[in-house]
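Hi,

Here is the structure I promised to pass on. Have a look at it first, and then read my notes below.

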Amino acid sequence: MIERFLDLLSKEVPLTGENKDRIRAVCAKDRKKFLEPVCDTRLVSESQALRALGLLYGLPFMEELPLDHLNHDFTRIISRKFLKTYSVAPLIRDGRKGIIAVNDPSDLSVVDETARLAGIKAHSLVLAPKNQILLAINMLYDHTDGNVQQLVDDMEENDSLVIEDMEETADLLDDSGDDAPVIRLVNQMISKAAKAGASDIHIEPFQEVLKVRYRIDGIVYEMMTPPKLFQSALVSRIKVMAKMNIAEKRVPQDGRAQVRLGNQEIDLRISTVPTTYGERLVMRLLNKSGSFMSISEFGFSQENEALFRRIIRQNHGIVLVTGPTGSGKTTTLYAGLSEINTPDKTIITIEDPVEYNLQGIGQIQVNQKTGVTFAKGLRSIVRQDPDVILIGEIRDVETAEIAIQSALTGHLVFSTLHTNDAPGSVTRLVDLGVEPYLISSSVNHIIAQRLVRVLCPHCKEEYLLSEPDIKSLNGMGEEMLGRRVFKPGGCTRCFNTGYSGRQAIVEILALDDELKTLVLQTSDANRIREAAIEKGMVTLRRDGMKKVMDGITSIREVLRVTQE
């Protein structure tokens, strides 16, 4: 059987004799279940292995499962945990007919049991990637009575609520029928937020209502309104998870917790502040299991991507990434550092806070209590013989001047600033107290960045670009009148937002000799911008319009993030 599998696999991907021996070795450990060990070798992808298995067992393979208009009745009988454990998803549409998706076809008794419990009389069996099966299971159970709003309704009918400590990192996707309703509510709130790709959960108390909102792709959406009666229990439960003082409600508190969602590890950074109507709580979600994005995944245009790769390989000077909070500045810098992180380079960062651990890079956490500020930490970093330095943010003239001195003495320095565009960074540095001659002699490139939401590919709607659309762009792009572009629709896959994911738009200001001379003469951002555009700089809005023409985002989205 293994030899037949290898023959079929070889048709999907070229395998050397050595590679085949490695696969034989892992398959020999368990001759029945070898899909996961084969994928762990990283010699083949899961899809390639599943296609070969499909040919071996005579089963069709589906890269994506059909997840619309499904019957959810069986979810009252079969637990989510059972389906997750065996990676099987029953997809029923008409009556008692449907398909059952499995990840590993070696144990078909599980399929028979699933069909029996779900009441399926006739079904076809398909193979699917594990992430697609988990997505199907989560979508099925999110539409059942176990969803967030139903839990809220259940809580209204329940007079007593019990807050219990959860010392271990439990899997929040497992059924927790014996837990107190408030615990189940918090678990499902976090689970739903993670699946929606939310970066934050806001729990906001008002005079008569309690609102729970998620920030998804940079926009805050109201998701539910639990009864005001349960405000204290809800906040207390989260504070217990973060090991915060639940008795203290008059001062701000910060805490951290860690939860597991299937194979994902989620870090929660929790902050509370007292308000007139109770404690306001925000949870920041950081997916520790997610891999860092590579530069090619940012959505940069071909020209900007090539330029960015040249910028991060300079030997010395300052590279600034600018934009408002949440515009992806740190993610861009992390991607750049990861790409140039080679054994022949020493890279040290100072950040507030250190959000992700970068393998092979020294990272320093700012700590005001112990006196580790950006300026003091940077002074110490320079004595550590680094080649590349990342400063989380230039906040004052002291930090800026040390960064400049580091760049002038042969270091490559990356940092961030909060400005609206690239030319505005020069004005900002001058306002901080940095001399123009220091700016012109040290700063090489300034990158302004924004994140635009990507139109959901399943529901975006096509239309013709009209004159009012061109007018909203201040007349820019009149040549595009009548072009076919897209606008958001709304479906279950994108939580009815019309968007799914985000990409970066950038403007890159390269300070050549002429622009450096101009910086010595003036810090007027408008004059610097005009000169840069004459030299070929693509502005944020024009870069965004390229994405509109390519059907990636909408005009309204570009206007939202590039307000002038």
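Let me start with helix α10, which is mostly covered: ten of its eleven residues are buried. Buried here means under 20% relative accessible area, while exposed means over 50% and partly exposed is in between (1.4 Å probe, protein chains only). Helices (H or I, at least four residues) and strands (E, at least two) are DSSP runs, numbered from the N terminus. Before I go on: this is a predicted model, where local features need pLDDT of at least 70, side-chain atom pairs count only at pLDDT 80 or more, and totals for chains, interfaces and linings use all residues. Residues are numbered from 1 along each chain as its sequence is written, and side-chain values use heavy atoms, with hydrogens and water left out.

Back to α10. Its buried residues include Gln 231, Ser 236, Arg 237 and Lys 239. So what covers them? The cover includes α9 along with the strands β4 (198-205), β5 (210-216), β7 (253-261), β8 (264-275) and β9 (278-287).

The partner to look at is α9. Helix α9 (residues 181-195) packs against α10 (residues 231-241) at an angle of about 70 degrees, and their axes are 10 Å apart. That makes α9 roughly perpendicular to α10, a label used for 65 to 115 degrees (under 35 is roughly parallel, over 145 roughly antiparallel, the rest oblique). The axes are lines fitted to C-alpha atoms, for helices over the stretch in contact, and angles run from 0 to 180 degrees between N-to-C directions. On the α9 side, the contact (heavy atoms within 4.5 Å) is made by Val 182, Ile 183, Leu 185, Val 186, Met 189 and Ile 190, and on the α10 side by Ala 233, Leu 234, Arg 237, Ile 238 and Met 241.

Elsewhere, there is a largest nonpolar core of 50 residues, in which Leu 9, Val 38, Leu 65, Phe 74, Leu 91 and Ile 100 touch the most other members. A nonpolar core is a set of buried Ala, Val, Leu, Ile, Met, Phe, Trp, Tyr and Cys residues joined through side-chain atoms within 4.5 Å. Helix α7 (residues 130-142) gives this core its largest share, six residues. A second, separate core has 42 residues, among them Ala 400, Ala 403, Leu 511 and Val 561.

For the overall picture, the protein chain has 21 helices and 18 strands, and 49% of its 564 residues count as buried.

Cheers
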